[in-house]
Amino acid sequence: MKRTLSLGQVALVVAALSAVWIGSSLALAQIEPGSYAELVKEPRTALIRLLLPMLLAGIAALGFLATTGRLRSVWTEPSELRTTDRLITAGAAISIVVAIAGIVRGAMRINDGKLSLVLAILVATMAVGFTEELIFRGFVLIEVRKYKTELWAFVICEVLFGLWHLPNFFLGATLLEALAQVVISGALGGVFLYCVRRRTGSLWIAMLMHGLWDFAVLG
């Protein structure tokens, strides 16, 4: 029987996975140098600096969950939070608007002969959605819920999710940009993705929404 992890141990797991992501990104920067703003300027850069580090963190997360007997439980759970339908509908509407804007921008890039760049960003952002949802709305939320109320599990999940973005400072983002990502991710994006996860019961849907949102923003 798998042992329930304390909050401190959950935070340590997240920190270790963050170290995989940041460490590999910094190492790969020696192969493919470029500023934070240049990560989505060229297909090679997007694949090496954005896709590969997130894939490595995702593989590490899958390995941890599999070896500790937690992997099966993260994918689906009973649908809850029916009272949040309006919030989810509003969030979905905003996501659709942002997605359309991103698709239009991507189409313009394709017309400019940048199809490979658009595809590279799409693959990379889907990897981001997969890895981050697996860690936060998968592992963290379910683990903390074992000994905390749903409200506290939600708060802790979103705080850790917001802080996950702070190390972007070490990848070239300004401190203001990194702090803005912490607030926006934890207080806005994370809340919506939590509601999607709990309402649909599917981690896969949250992963898809997360990836499409990031693509719309970055593409």
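**View 1. Thr-131 within helix 4 of the predicted model.** Thr-131 lies in helix 4, where helices are DSSP runs of H or I with at least four residues, numbered from the N terminus. At 1% relative accessibility, Thr-131 counts as buried, a class defined as under 20% relative accessible area with a 1.4 Å probe and protein chains only. Neighbours within four places in sequence aside, Thr-131 is in contact (heavy atoms within 4.5 Å) with Met-54, Ala-57 and Gly-58. This is a predicted model, in which local features need pLDDT of at least 70 and side-chain atom pairs count only at pLDDT 80 or more, while totals for chains, interfaces and linings use all residues. Residues are numbered from 1 along each chain as its sequence is written, and side-chain values use heavy atoms, with hydrogens and water left out.

**View 2. The largest nonpolar core, with 45 residues.** Such a core is a set of buried Ala, Val, Leu, Ile, Met, Phe, Trp, Tyr and Cys residues joined through side-chain atoms within 4.5 Å. The residues with the most contacts inside this core are Leu-134, Phe-136, Val-140 and Trp-164. The largest share of the core, 15 residues, is supplied by helix 4. Leaving aside neighbours within four places in sequence, Phe-136 is in contact with Val-14, Leu-141, Cys-157, Leu-160, Phe-161 and Trp-164.

**View 3. The contact of helix 6 with helix 7.** On the helix 6 side, Phe-192, Leu-193, Val-196, Arg-197 and Thr-200 meet Leu-203, Ile-205, Ala-206, Met-209 and His-210 of helix 7. By class, this contact has 7 nonpolar, 2 polar and 1 charged residues, with Ala, Val, Leu, Ile, Met, Phe, Trp, Tyr, Cys and Pro counted as nonpolar, Asp, Glu, Lys and Arg as charged, and the others, Gly among them, as polar.

Methods. Buried means under 20% relative accessible area, exposed over 50%, partly exposed in between (1.4 Å probe, protein chains only). Helices (H or I, at least four residues) and strands (E, at least two) are DSSP runs, numbered from the N terminus.
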